[in-house]
Amino acid sequence: TAISAETTLDHGGDDTSLALSFGQGTADAAPEDVVNGFVAAINDSDAAAAAFFTADGIYGVNVDSLAIVGTKALEYAFSDTANAQVELASVAVDGEEVTGVALVSDDNTQAAGVSRFLQPFSAIVQGDKIAQLHLR
């Protein structure tokens, strides 16, 4: 049985509605949809839901060039996002790679007088999970 396109993910907290489609045993979610689901979870300040969209052995590099390895490390890194809001300003998909620029805002940058900043990114999506995430 496939999970329908309008699915509710129950991860122990509030339910998060996701507009994704997954087949049983196979991943047929488009890479851009996986990234959009990840961004929606970040916008909801829901690190556990964001982790749902990442592979167990995810490898990420943040803007400070610090490596984040594994879902739990990523969940921890995003658990203190200070009410981050992310809008994907541009997205390009080439096979399993999703690249683009996000407009990002959070409490810390707004307190510093910056309404939002540009954040280039790239993600490698394998199946229905983000395997690599690089914030530049």
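Select serine 45. This residue is partly exposed, with a relative accessible area of 43%. That value falls between the 20% cut-off for buried and the 50% cut-off for exposed. Keep in mind that the model is predicted.

Stay on serine 45 and check its backbone. Its phi is positive, about 55°, although the residue is not a glycine. Where does serine 45 lie? Show the loop between H1 and helix H2 (47-52); serine 45 is in it.

Next, the strands. Select E6 and E7. They pair in the antiparallel sense, over eight bridges. Pick valine 98 and look across to E7: its bridge partner there is alanine 123.

Now keep alanine 123 and turn to E8. There, the bridge partner of alanine 123 is leucine 133. How many bridges join E7 to E8? Six, and the two strands run antiparallel. Move to the hairpin of E7 and E8. Two residues sit between the strands, and glycine 127 takes a positive phi near 70°.

Last stop: the largest pocket. Its volume is about 710 Å³. Display the lining, which has 30 residues. Which of them lie nearest the centre? Select Phe78, Thr81, Val104, Gln119 and Leu135. Then colour by element. Those giving two or more residues to the lining are helix H1 (31-43), strand E3 (54-61), helix H3 (71-78), strand E5 (85-94), strand E6 (97-105), strand E7 (117-126) and strand E8 (129-135).

Finally, colour the lining by residue class. It divides into 22 nonpolar, five polar and three charged residues.

Key. Residues are numbered from 1 along each chain as its sequence is written. This is a predicted model: local features need pLDDT of at least 70, side-chain atom pairs count only at pLDDT 80 or more; totals for chains, interfaces and linings use all residues. Side-chain values use heavy atoms; hydrogens and water are left out. On a 1 Å grid over the protein atoms alone, a cavity is a set of points where a 1.4 Å probe fits but cannot get out, and a pocket is an open set with protein on both sides within 12 Å along at least five of seven lines; lining residues have an atom within 4 Å of a point. Grid points are joined across faces, edges and corners, and a volume is the space filled by probe spheres set on the points. Helices (H or I, at least four residues) and strands (E, at least two) are DSSP runs, numbered from the N terminus. Ala, Val, Leu, Ile, Met, Phe, Trp, Tyr, Cys and Pro count as nonpolar, Asp, Glu, Lys and Arg as charged, and the others, Gly among them, as polar. Two strands pair if DSSP finds at least two bridges between them. Buried means under 20% relative accessible area, exposed over 50%, partly exposed in between (1.4 Å probe, protein chains only).
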